[in-house]
Amino acid sequence: MPITLKPSALSSEITINHGKNKPEGSRNGDLEYLRACVALAREAVSTGDAPFGSVLVNTSTNTILARDRNRTVSGSSPLLHGSPPGPDPTLHPEFTIARWAGLNLSPEERAVCTVYTSGEHCAMCSAAHAYVGLGRIVFASSTVQLGRWLEELGENKKRALRPLSINDVAPGVEVHGPVEEFADEIRDLHRQHRDSREKAS
Ligand SMILES: [Zn+2]
């Protein structure tokens with residue numbers, strides 16, 4: 001049974017700013033959805049998960065169909081019923097959204113969906129997105145930025161995958177981003193995540 005989340009289900013912290021730094025080729029609503037992704041990324045940090053969040057939007061009805069955040073430490077994605085609590089390194093929000101879309105939407109519905117995300121998809125998530133035939137992707141921060149920030153934080157050597165762009169993996173996907181106004185906030189979330197991990201170890 002598909003889950004339908006209306007925009008009103010989002011955090012009240014979401015602000016609308018259509019004024020500046022709109023991603024090239026952007027549409028009305030892009031920045032609000034990216035703001036929702038960053039709010040989800042912040043929620044992830046609070047449970048020890050990495051700061052990434054994503055929403056899936058049907059762009060023909062402007063409806064949020066699904067949303068998730070990184071759960072690689074805490075586990076149990078609500079989009080994947082039966083996924084147990086506890087560490088699962090594949091629980092990236094872009095991946096759980098692609099899995100959910102593949103299981104719950106028709107190919108026609110998937111094609112008119114946009115995935116918004118706080119950080120550009122990794123290779124695993126790019127491949128899943130392309131395999132299920134979802135539409136365009138709008139990201140707030142890029143893989144290149146993430147690499148730079150993790151380098152600054154001394155975390156870059158821990159990355160499991162080569163830092164490919166979405167189009168390196170899935171050349172047919174329409175991609176927009178990064179959006180500069182989110183850079184400082186997302187970099188700070190990565191710093192908070194690093195600090196909380198250090199404190200826990
Ligand atoms: Zn990923």
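The legends below describe close-up views of one predicted model.

Residue numbers start from 1 along each chain as its sequence is written. In this predicted model, local features need pLDDT of at least 70 and side-chain atom pairs count only at pLDDT 80 or more, while totals for chains, interfaces and linings use all residues.

**View 1. The whole chain and its elements.**
The chain holds seven helices and five strands, where helices (H or I, at least four residues) and strands (E, at least two) are DSSP runs numbered from the N terminus. Read from the N terminus, the order of elements is α-β-β-α-α-β-α-β-α-α-β-α. Of the 201 residues, 39% are buried; a residue is buried if 20 or more other C-beta atoms lie within 10 Å of its own, with C-beta atoms placed from the backbone. Two residues are in contact if their C-beta atoms, placed from the backbone, lie within 7 Å. Among contacts between residues at least 6 apart in sequence, 60% join residues at least 24 apart.

**View 2. The open sheet.**
The five strands form an open sheet with mixed pairing, in the order E2-E1-E3-E4-E5; two strands pair if DSSP finds at least two bridges between them. Strand E2 (63-69) and strand E5 (175-176) are the edge strands, each pairing on one side only. E3 (residues 113-119) and E4 (residues 137-141) run parallel and are joined by four bridges, with valine 115 having isoleucine 137 of E4 as its bridge partner.

**View 3. Strand E1 and its two neighbours.**
Five of the six residues of strand E1 (residues 53-58) are buried, so the strand is mostly covered. On the E2 side, six bridges join the antiparallel strands E1 and E2, and alanine 66 of E2 is the bridge partner of leucine 56. The hairpin of E1 and E2 has four residues between the strands, and in this hairpin asparagine 62 takes a positive phi near 55 degrees. With E3, E1 pairs in the antiparallel sense over five bridges; serine 54 has threonine 117 of E3 as its bridge partner.

**View 4. Leucine 56 and the largest nonpolar core.**
A nonpolar core is a set of buried Ala, Val, Leu, Ile, Met, Phe, Trp, Tyr and Cys residues joined through C-beta atoms within 7 Å. The largest one has 43 residues, of which Leu34, Cys37 and Leu56 touch the most other members. Helix H1 (residues 30-46) supplies the largest share of this core, 10 residues. Setting aside neighbours within four places in sequence, leucine 56 is in contact with Leu65, Ala66, Arg67, Ile97, Ala101, Cys113 and Val115.

**View 5. The buried face of helix H4.**
In helix H4 (residues 123-132), the buried residues are Cys125, Ser126, Ala128 and His129. Seen down the axis of H4, these residues fall within an arc of 165 degrees and therefore line one face of the helix; the arc is that of the directions from the helix axis to the C-beta atoms. They pack against helix H2 (93-104), E3, E4 and helix H6 (166-169). Just after H4, glycine 133 takes a positive phi of about 75 degrees.

**View 6. Helices H1 and H7.**
The axes of H1 and helix H7 (residues 183-200) come within 10 Å and cross at roughly 10 degrees. Axes are lines fitted to C-alpha atoms, for helices over the stretch in contact, and angles run from 0 to 180 degrees between N-to-C directions. H1 and H7 are therefore roughly parallel to each other, a term that covers angles under 35 degrees. Val38, Ala41, Arg42 and Val45 of H1 make the contact with Glu185, Ile186, Leu189, Gln192, His193 and Ser196 of H7.

How values were computed. A residue is buried if 20 or more other C-beta atoms lie within 10 Å of its own, exposed if 12 or fewer, and partly exposed in between; C-beta atoms are placed from the backbone. Angles under 35 degrees count as roughly parallel, over 145 as roughly antiparallel, 65 to 115 as roughly perpendicular and the rest as oblique.
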